[in-house]
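The sequence and structure are shown first.

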Amino acid sequence: MTMKNLAGNSVSIFLYRFVIHGDGINYVLNESIAEDMYRDIDEKIMPLVHACCETLLRYKHLSVNSTIMDGNILEDGRFEVMLSKGLGRHFAEHEKQHLFQDAKKIADLLSQVMDRKTLEMNQGKQVVPPIKPQPPSPKKIKAGLETLAQEKHLLAELRWFAEGKQIRPGLKQMRPEDLPSGVVASRGYDHRGHCLRLDHQTLGELGKIVLIKIRDDQMLLQADLCANQENLQSPLTKQKQEIFEAVVSTVKNHFDGMQPR
């Protein structure tokens, strides 16, 4: 029986799918590729998977299938990534394109696994035991997301220079002392736009602020509180929310001050 993807096209090699599971989304990898996985490639894939899951979670309530996105090699050798039927129309185009770009990066990395394993077998190299599946390391994922964010920022700068634009014209850079005590800001990664990640030295991750380009002269600020599995009414969550709202207010006032009048 010929395998089909979400679009109904014939598949030569199934690579991965993202499946809705309860309140979350599971990343399901081709079993054969998983058995041949290399640790260095796996560490590059996990931040991309994390970013895709974050984006897909925002739209899972609109998906008509349990599989919300899949990636496959078609019979003609092309890679195709597809969203659940009709889901794409709910995405902002900019966000969808960044999601698909990361989906393609995952596919490219999985192709590296297959190519490397094939080369090793052809050269008669000793087969190395596959890596043991382990829960993703939050620290490594965070570091990987920071690397992706830096790459995205550099590409944006190059594009702005090529278009003859100034980088964030009129923006006065915020200083650490502008933020509440104990809050640390770092570059984050989000498919929607420019992302600022916020952590507290004792309370942990607070959330992130995303600046989304609506038009050339208009930006939308979205703030996502990180509550994880915590009780939303717990003292810890309320403390995080209070500090996070103070940060959002500070950033919003700073951001409003640089907008054209």
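## Terms and model

Contact means that heavy atoms lie within 4.5 Å. The model is predicted: local features need pLDDT of at least 70, side-chain atom pairs count only at pLDDT 80 or more, and totals for chains, interfaces and linings use all residues. Residues are numbered from 1 along each chain as its sequence is written, and side-chain values use heavy atoms, with hydrogens and water left out.

## Residue Thr67

Leaving aside neighbours within four places in sequence, Thr67 is in contact with Leu6, Arg17, Phe18, Val19 and Ser84. Thr67 belongs to strand S3, residues 67–74; strands (E, at least two residues) and helices (H or I, at least four) are DSSP runs numbered from the N terminus. Thr67 counts as buried because its relative accessibility is 15%, where buried means under 20% relative accessible area, exposed over 50% and partly exposed in between (1.4 Å probe, protein chains only).

## Overall composition

Five helices and eight strands make up the secondary structure of the protein, in the sequence pattern β-β-α-α-β-β-α-α-β-β-β-β-α. Of the 261 residues, 37% are buried. Among contacts between residues at least 6 apart in sequence, 57% join residues at least 24 apart.

## The four-strand sheet

Four strands form an open sheet in the order S5-S6-S7-S8, with antiparallel pairing; two strands pair if DSSP finds at least two bridges between them. Its edge strands, each pairing on one side only, are S5 (183–188) and S8 (218–225).

Strands S5 and S6 (residues 194–200) run antiparallel and are joined by six bridges. The bridge partner of Arg187 in S6 is Leu196.
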